Amino acid sequence: MPELPEVETVMRGLLPVMVGNKIRTVKLHRKDLRIPFPLKMQEKLKNIEITALTRRAKYILVHFKDGKILAIHLGMSGRVLIVPPEDKYDLQKHDHMVIGFHDGAKVIYNDPRRFGMIFILNDDELETHKAFAHLGPEPLGNNFSSSYLKETLKNKKTSIKQALLDQRVVVGVGNIYACEALFMAGISPEMIAGDLKGKKAQLLVECIRDVLTRAIEAGGSTLKDFAHADGELGYFQHSFSVYNREKQACQGCNCDIDKTGGVQRITQSGRSTFYCPKKQK
DNA sequence: AGTGTCGCCTGAATGC
DNA sequence: TGCATTCAGGCGACAC
């Protein structure tokens with residue numbers, strides 16, 4: 001499931017195809033994903049130079065020369081496939097949007113579960129648009145610090161795991177990397193968020209950064225239905241320390257699995273949390 | 001306001 | 001074997 005590193009990877013994969021290019025056609029094969037596709041999408045976007053691609057939280061932002069921005073969120077199961085100019089392509093199930101470019105390349109958005117979102121906004125709305133107005137800082141940016149995190153979590157009674165998933169606190173961290181970062185920091189996922197203090201806060205910030213940075217370097221993870229932007233399915237093999245490793249040894253584990261039971265799985269607010277009770281207290 | 005729960009959605013995995 | 005159920009989770013809507 002695409003979290004920050006996967007979205008960053010897809011965005012980087014799209015860069016060479018899209019920047020400097022112009023859209024020729026936008027073909028939609030249904031009227032909506034999670035929300036309706038933008039009205040008259042092709043008319044709005046065609047023949048305008050794409051000047052840049054950026055990422056904010058888990059959104060890919062396609063910047064057009066006239067100030068419009070196409071925002072793409074992959075949801076749970078969204079994939080992006082690039083079809084090179086000369087290649088033939090047969091439409092696949094769940095290919096909901098096909099963008100054709102002037103040079104003949106195609107970018108295909110495929111999303112079985114349709115939790116994704118695609119919408120258009122203007123570049124002066126980036127701070128105020130409903131989707132972005134309440135987003136917290138980028139975890140890899142300068143505004144995400146231990147003092148910020150402590151101040152933000154102060155008096156919060158929810159668990160630290162839940163707090164990390166709250167995009168008002170910090171963006172881009174999903175279920176997988178929340179589990180991984182807490183494991184790395186040796187913090188129990190059930191700890192009350194407001195109790196995060198001192199060196200633990202600094203450590204957690206560093207671990208979130210580290211986990212995300214290493215995942216970006218690995219090119220994102222390939223969990224189930226995620227594909228690299230260049231279409232090489234399963235290209236990345238990313239291994240996790242605790243995520244999806246119930247009853248197995250955590251990374252660097254030296255305890256007796258038969259006695260400890262290995263990685264534990266609990267449910268917090270309906271979401272699976274994986275952790276090592278021995279290392280995360 | 002802060003916190004928790006639900007629903008959206010399909011396909012893989014599991015249960016009977 | 002085959003059908004039904006459960007689970008996966010980002011995020012907005014909603015309830016309390």
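Tutor: We begin with contact: two residues are in contact if their C-beta atoms, placed from the backbone, lie within 7 Å. Keep in mind throughout that this is a predicted model.

Student: What covers the buried residues of α5?

Tutor: The cover includes α4 (160-165), α6 and β10 (271-275).

Student: Which residues of α5 are buried?

Tutor: A residue is buried if 20 or more other C-beta atoms lie within 10 Å of its own. In α5 that holds for Ile 176, Tyr 177, Ala 178, Cys 179, Glu 180, Ala 181, Leu 182, Phe 183, Met 184 and Ala 185. Ten of the eleven residues of α5 are therefore buried, and the helix is largely enclosed by the rest of the structure. Just after α5 comes Gly 186, with a positive phi of about 70°.

Student: How do I read the helix in relation to the nonpolar core?

Tutor: A nonpolar core is a set of buried nonpolar residues joined through C-beta atoms within 7 Å. The largest one here has 68 residues, and Cys 179, Ala 181, Leu 182, Leu 204 and Val 242 touch the most other members. Helix α5 (residues 175-185) supplies nine residues, the largest share of this core. Both domain 1 (4-125) and domain 2 (146-275) give residues to the core, so it lies between them.

Student: How far apart are the centres of domain 1 and domain 2?

Tutor: Taken over C-alpha atoms, the centres of domain 1 and domain 2 are separated by 29 Å.

Student: Where is Val 242 found, and is Val 242 buried or exposed?

Tutor: Val 242 belongs to the loop between α6 (198-217) and α7 (257-260). Val 242 has 28 other C-beta atoms within 10 Å, so it is buried. Leaving aside neighbours within four places in sequence, Val 242 is in contact with Cys 179, Glu 180, Phe 183, Cys 250, Val 263, Phe 274, Tyr 275 and Cys 276. For a distance across the chain, take Val 242 and Lys 65: they are 177 residues apart in sequence, and their C-alpha atoms are separated by 44 Å.

Student: Which residues is Asp 103 in contact with, and is Asp 103 buried or exposed?

Tutor: Asp 103 lies in the loop between β6 and β7 (106-110). With 12 C-beta neighbours inside 10 Å, Asp 103 counts as exposed. Apart from neighbours within four places in sequence, Asp 103 is in contact with Asn 21 and Pro 85. The C-alpha atoms of Asp 103 and Val 17 are separated by 9.3 Å, although the two residues are 86 apart along the chain.

Student: What is there to note about the backbone at Ala 57 and His 94?

Tutor: Ala 57 has a positive phi of about 55° although it is not a glycine. Ala 57 sits in the loop between β2 (50-56) and β3 (59-64), and it counts as buried because it has 20 C-beta neighbours inside 10 Å. His 94 also has a positive phi, near 75°. His 94 is found in the loop between β5 (79-83) and β6 (95-101) and is partly exposed, with 18 other C-beta atoms within 10 Å.

Student: Which residues surround DNA strand B?

Tutor: DNA strand B is surrounded by Lys 93, Pro 112, Arg 113, Arg 114, Phe 115, Lys 156, Lys 157, Thr 158, Gln 162, Ser 269 and Gly 270. By class, they divide into two nonpolar, four polar and five charged.

Student: How many residues surround DNA strand C, and which are the closest?

Tutor: DNA strand C has 16 residues around it, the closest being Lys 58, Phe 115, Gly 174, Asn 175 and Ser 272. The surface near DNA strand C has six nonpolar, six polar and four charged residues. Phe 115 is also one of the residues around DNA strand B.

Student: How do I read chain A as a whole?

Tutor: Start with the inventory: chain A has seven helices and ten strands. Next, compare its radius of gyration with that of a compact globule. For 281 residues such a globule would have a value near 19 Å, and chain A has 20 Å, which agrees. The C-alpha trace of chain A spans about 60 × 40 × 30 Å along its principal axes. As for burial, 36% of the 281 residues of chain A count as buried. Finally, among contacts in chain A between residues at least 6 apart in sequence, 66% join residues at least 24 apart.

Conventions:
Residues numbered from 1 in each chain as written. Chains lettered and ligands numbered in written order. Predicted model: local features only at pLDDT ≥ 70, side-chain atom pairs only at ≥ 80, totals over all residues. Near = placed C-beta within 6 Å. Nonpolar A, V, L, I, M, F, W, Y, C, P; charged D, E, K, R; others polar. Helix = DSSP H or I, 4+ residues; strand = E, 2+ residues; numbered from the N terminus. Domains from an automatic or database assignment. Rg over C-alpha atoms; globule rule 2.2 N^0.38 Å.
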